[in-house]
Amino acid sequence: MSKKKRFYLLILLGFVGGGVLYFLFFTNNGIGERIKKQTADILAVEYIPLQSIAFENTQAFAQRNTLYTNFRKNFPYHYQCMALASFADSSRVLLIAEPPPHFHIDSLKSVLAKFTHKIEIRTQKIGYDGFAKDIEIVFVNASSENIDNINKKISKLLYYSDYKVPVMSLPVQKKRVYYSKQNLDYQISLQEFNDWFLEQKEIFGDSLPLSTLLAQKKWGVYFSKQPGFVAWLLPRKQDLSSQIKNIRQ
């Protein structure tokens with residue numbers, strides 16, 4: 001076999017008509033990646049693109065310092081978030097700003113094991129001798145689906161929840177807003193609560209009013225059938241530390 005021409009072997013096992021073993025050879029010219037993706041779809045597994053691009057040749061690697069400077073220029077003080085920059089060559093920069101104390105960088109190994117990546121620890125000076133630490137990850141060739149899955153897994157490690165993972169776009173599009181001009185002082189009376197949940201019997205979940213959920217001790221988070229309400233039900237004496245996922249939701 002020529003060294004200049006690499007062949008990949010895809011083995012598909014089928015059990016139609018007594019069972020047949022298929023061997024398909026294909027060259028590394030894009031056809032292989034399409035078949036690899038289709039196979040992943042059939043087997044319901046995550047498709048990971050071929051990642052043979054050198055870090056130094058990617059746009060993400062070239063822009064990583066500029067992106068971090070841009071982020072911390074707009075957020076010079078303590079700010080906790082995840083932020084992402086995507087480039088035309090499929091490279092990406094994922095920034096984890098100020099991970100919480102319980103988060104260990106070693107926990108990223110299992111999340112990123114299948115991807116070609118590079119991790120850097122960044123430090124932002126604050127005040128005289130204070131600082132904040134951030135984690136910056138450069139991906140060579142992860143798909144959008146890969147990145148979405150990675151964000152969910154990292155969010156679960158950071159915040160114990162992957163509910164509606166908020167990821168900021170890099171470079172920063174808007175400056176940080178410290179004070180809202182809108183009136184956020186909303187007040188709801190007990191009479192309104194009584195009307196909504198007892199008199200009108202607002203329906204939650206499939207078909208149950210709040211009073212029935214409480215009577216049947218159906219603990220958890222429920223959304224109203226008509227969008228607008230979220231009910232979080234839990235026993236009076238339960239330790240809230242077991243509800244971290246629901247608290248974030």
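Visitor: What share of the protein's accessible surface belongs to carbon and sulfur atoms?
Guide: This is a predicted model, in which local features need pLDDT of at least 70 and side-chain atom pairs count only at pLDDT 80 or more, whereas totals for chains, interfaces and linings use all residues. Residues are numbered from 1 along each chain as its sequence is written, and side-chain values use heavy atoms, with hydrogens and water left out. Accessible areas come from the Shrake-Rupley method with a 1.4 Å probe, and for residues only the protein chains shown count as cover. On that basis the surface comes to about 17,200 Å², and the share belonging to carbon and sulfur is 55%.

Visitor: How much of the protein counts as buried?
Guide: Buried means under 20% relative accessible area, exposed over 50%, and partly exposed in between, with a 1.4 Å probe and protein chains only. Among the 249 residues of the protein, the buried fraction is 32%.

Visitor: Which strands are the edges of the five-stranded open sheet?
Guide: The pairing in this sheet is mixed, and the order is β5-β6-β4-β3-β7; two strands pair if DSSP finds at least two bridges between them. From one strand to the next the twist averages 25°, with axes taken as lines fitted to C-alpha atoms, for helices over the stretch in contact, and angles running from 0 to 180 degrees between N-to-C directions. The strands that pair on one side only are β5 (117–126) and β7 (167–169).

Visitor: Is Glu120 buried or exposed, and which side chain makes a polar contact with Glu120?
Guide: Glu120 is found in strand β5 and has a relative accessible area of 19%, so Glu120 is buried. Not counting residues up to four places away in sequence, Glu120 touches Arg64, Asp134, Ile135 and Glu136, contact meaning heavy atoms within 4.5 Å. A polar contact is a pair of N or O atoms within 3.5 Å; within protein, one must be able to donate a hydrogen and the other to accept it, and residues adjacent in sequence count only if both atoms are side-chain atoms. At 2.7 Å, the side-chain partner of Glu120 is Arg64.

Visitor: How far apart in space are Lys217 and Leu233?
Guide: Lys217 sits in the loop between α6 (210–215) and β10 (220–223), and Lys217 counts as exposed because its relative accessibility is 58%. Lys217 and Leu233 are 16 residues apart in sequence, and from C-alpha to C-alpha their separation in space is 8.3 Å.

Terms used
Helix = DSSP H or I, 4+ residues; strand = E, 2+ residues; numbered from the N terminus.
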